[in-house]
Amino acid sequence: MGKRGPQIGGAGRRKDAPVMCTLHEARTARGMTQRMLAEMLTTAPQTVALWESGKYWPHPRMMFALAYILGVTVPDLWPVLRREVILGELGLEPPAGAP
């Protein structure tokens, strides 16, 4: 899991929609360092720093793990993401009739 996750809608860098500062805020509100969070996710502290800076986005599966650990939802951390984009990156289809 130390690899960078794909960009939503592509791979790598995310320039058009910066990550909100809420990842940093949620982590510090829990009294966690980047190292502590990285160890829980089995990734490098530098990776957490890249996510917090908005240079890279975590893989959607990692987003769910981050939200769970930090006690928030994925949209709390990345409000610019649409549900169908995340589901698409996971190879899932939204339920029929879902908004």
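Visitor: Among contacts between residues at least 6 apart in sequence, what share join residues at least 24 apart?
Guide: That share is 60%. Keep in mind that this is a predicted model.

Visitor: How many helices and strands are there in the chain?
Guide: The chain has 6 helices and 0 strands. Read from the N terminus, the order is α-α-α-α-α-α.

Visitor: What percentage of the residues is buried?
Guide: Buried residues account for 37% of the 99 in the chain.

Visitor: Let's go local. Which residues of α1 are buried?
Guide: Helix α1 covers residues 22-29, and L23, A26 and R27 are buried there.

Visitor: Where do they sit around the helix?
Guide: Looking down the axis of α1, the buried residues fall within an arc of 100 degrees, so they line one face.

Visitor: What covers them?
Guide: The cover over the buried residues of α1 includes α2, α3, α4 (60-70) and α5 (74-77).

Visitor: Which residue with positive phi follows α1?
Guide: G31 does. Its phi is near 70 degrees.

Visitor: Switching to α2 and α3. How are two packed helices described?
Guide: By the angle between their axes and the distance between the axes. For α2 (residues 34-41) and α3, the axes come within 8 Å and cross at roughly 110 degrees.

Visitor: So are they parallel or perpendicular?
Guide: Roughly perpendicular. The range for that label is 65 to 115 degrees.

Visitor: Which residues make the contact?
Guide: From α2, they are Q34, R35, L37, A38 and L41. From α3, they are P45, V48, A49, W51 and E52.

Visitor: Is E52 buried or exposed?
Guide: E52 is buried, at a relative accessible area of 13%. The cut-off for buried is under 20%.

Visitor: What does E52 touch, neighbours within four places aside?
Guide: E52 is in contact with L23, H24, R27 and Q34. Among these, L23 and R27 are buried residues of α1, while Q34 belongs to the α2 side of the contact with α3.

Methods
Residues are numbered from 1 along each chain as its sequence is written. This is a predicted model: local features need pLDDT of at least 70, side-chain atom pairs count only at pLDDT 80 or more; totals for chains, interfaces and linings use all residues. Side-chain values use heavy atoms; hydrogens and water are left out. Buried means under 20% relative accessible area, exposed over 50%, partly exposed in between (1.4 Å probe, protein chains only). Contact means heavy atoms within 4.5 Å. Helices (H or I, at least four residues) and strands (E, at least two) are DSSP runs, numbered from the N terminus. Axes are lines fitted to C-alpha atoms, for helices over the stretch in contact, and angles run from 0 to 180 degrees between N-to-C directions. Angles under 35 degrees count as roughly parallel, over 145 as roughly antiparallel, 65 to 115 as roughly perpendicular and the rest as oblique. The arc is that of the directions from the helix axis to the C-beta atoms.
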